[in-house]
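Subject: A structure for you to explore

Hi there,

Here is the structure I promised to hand over. Please open it next to this email, and then read on for what turned up in it.

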Amino acid sequence: KMFGLGGNSAGNAKKERQSLPAQSSKQRRQLRDATRAMVAPPTVPFAKGQWVVWKKHLKNTRFPKANRPALVVDILNPPLRWQDPKLSGQKVEASYKFRVPVDLGLAVRFSEHGFVVLYFDSRRFEQVTDLASLGVKEQQKCTDLEQLYASYAAPLDYVVGDMVVWKPRLKNARWPDAGMPSGVVTLNPPGTVLSAEPNIYCTGYRESRDLALLISVSEGIGIYHFDPHRFCKAPARAGALTSGDTTTAPTVTTPTDDNSNNNNNNTTTNNNDTSNSNNNNNNNTNSTTPTTMDQSN
């Protein structure tokens with residue numbers, strides 16, 4: 001009876017058929033086209049620095065927007081598999097995300113933090129070969145994102161013991177304030193410490209936490225962990241600020257982007273970790289509130 005093999009199985013099957021929504025010929029064509037696009041290999045293997053967009057009918061998250069190019073910044077080989085620590089057993093298997101391969105890291109424009117890196121199934125994307133075909137407005141947004149990421153990826157200009165500030169438009173945590181110097185107490189080799197966020201579909205997943213800063217907050221002076229590439233060495237005057245100095249450190253303004261209305265949807269905190277529990281505790285206290293990139297259609 002569990003599997004419809006006993007009792008009134010014929011009647012149950014009829015009810016199940018009646019409960020299924022009718023599928024139009026248009027929907028069948030879309031499903032067929034989406035299937036073919038999903039299994040088709042890319043004409044050129046994805047590489048860092050390429051621009052990609054959603055394939056037709058295969059967009060399944062809020063960001064990036066349809067026809068909005070995203071910059072390839074990370075490729076995972078082998079791919080990761082989606083997991084949700086809140087679910088287990090049959091609940092996981094019933095999810096549309098069960099065993100989805102995640103192998104493509106994309107930099108996506110996001111007004112509050114300039115850009116965020118999100119991870120996806122590369123089979124849903126195709127390369128953009130001609131940005132000019134997208135129009136002047138989209139080209140400008142691509143140029144802006146490219147410049148932001150270049151600023152982010154630039155070699156670090158500070159060492160342990162230096163004072164640092166957020167890079168313009170790259171602040172992604174509550175503390176320290178924009179333009180407020182903080183002291184570098186630890187700077188690990190790249191990839192040593194990753195965020196403790198377990199959800200692949202959250203912003204900040206796999207984000208670096210290799211930088212430990214000494215920050216003055218209302219509760220006192222504490223150590224918090226960040227992505228080192230979002231900071232730069234503080235100007236000499238800013239680094240010399242003391243409690244008796246009345247000079248205000250420069251502030252950084254964040255330009256408005258068309259994703260800003262989505263910022264209130266933010267739900268979770270920072271990402272996957274390979275460090276000790278002390279690093280996790282400090283990180284969570286000053287975490288960002290990244291957005292969960294769940295299905296939006």
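**What was found**

Phe115 is buried, with a relative accessible area of 1%; buried means under 20% relative accessible area, exposed over 50%, and partly exposed in between (1.4 Å probe, protein chains only). Before we go further, please note that this is a predicted model, in which local features need pLDDT of at least 70, side-chain atom pairs count only at pLDDT 80 or more, and totals for chains, interfaces and linings use all residues. Residues are numbered from 1 along each chain as its sequence is written, and side-chain values use heavy atoms, with hydrogens and water left out.

Back to Phe115. Which residue forms an aromatic pair with Phe115? The partner is Tyr152, in an edge-to-face pair with 5.4 Å centre to centre and 85° between the planes. Rings of Phe, Tyr and Trp (its six-membered ring) pair if their centres lie within 6.5 Å; planes under 30 degrees apart count as stacked, over 60 as edge-to-face and the rest as tilted. This pair links distant parts of the chain, since Phe115 is in strand β4 and Tyr152 is in helix α4 (residues 136-153), 37 residues apart. Helices (H or I, at least four residues) and strands (E, at least two) are DSSP runs, numbered from the N terminus. Tyr152 is buried too, at 14% relative accessibility. Arg230 lies over the face of Phe115, at 5.3 Å from the ring centre; a charge sits over a ring if NZ of Lys or CZ of Arg is within 6 Å of the ring centre and within 35 degrees of the ring normal.

Now for the sheet that holds β4. Five strands form an open, antiparallel sheet in the order β4-β3-β2-β1-β5; two strands pair if DSSP finds at least two bridges between them. β4 (114-120) and β5 (125-127) each have a single partner strand, so one side of each is left without a neighbour in the sheet. Strand β3 (residues 101-110) is joined to β4 by seven bridges, and Gly105 has Tyr119 as its bridge partner in β4.

What about the nonpolar side chains? In soluble globular proteins, they tend to be buried together. Here the largest nonpolar core has 14 residues, and those with the most contacts inside it include Leu104, Leu106 and Phe120. A nonpolar core is a set of buried Ala, Val, Leu, Ile, Met, Phe, Trp, Tyr and Cys residues joined through side-chain atoms within 4.5 Å. Strand β3 gives the largest share of this core, four residues. Leu106 touches, among others, Val52, Val72, Leu118 and Phe125, leaving out residues up to four places away in sequence; contact means heavy atoms within 4.5 Å. Phe120 and Phe125 also form one aromatic cluster with Trp54.

Leaving aside neighbours within four places in sequence, the contacts of Ala107 include Phe115, Leu145 and Tyr149.

Finally, have a look at the other sheet. Five strands form this open sheet in the order β9-β8-β7-β6-β10, with antiparallel pairing. The edge strands, β9 (220-226) and β10 (231-233), each pair on one side only. Four bridges join β7 (residues 182-187) to β8 (residues 211-217), and Gly183 stands opposite Leu214 in β8.

Happy exploring!
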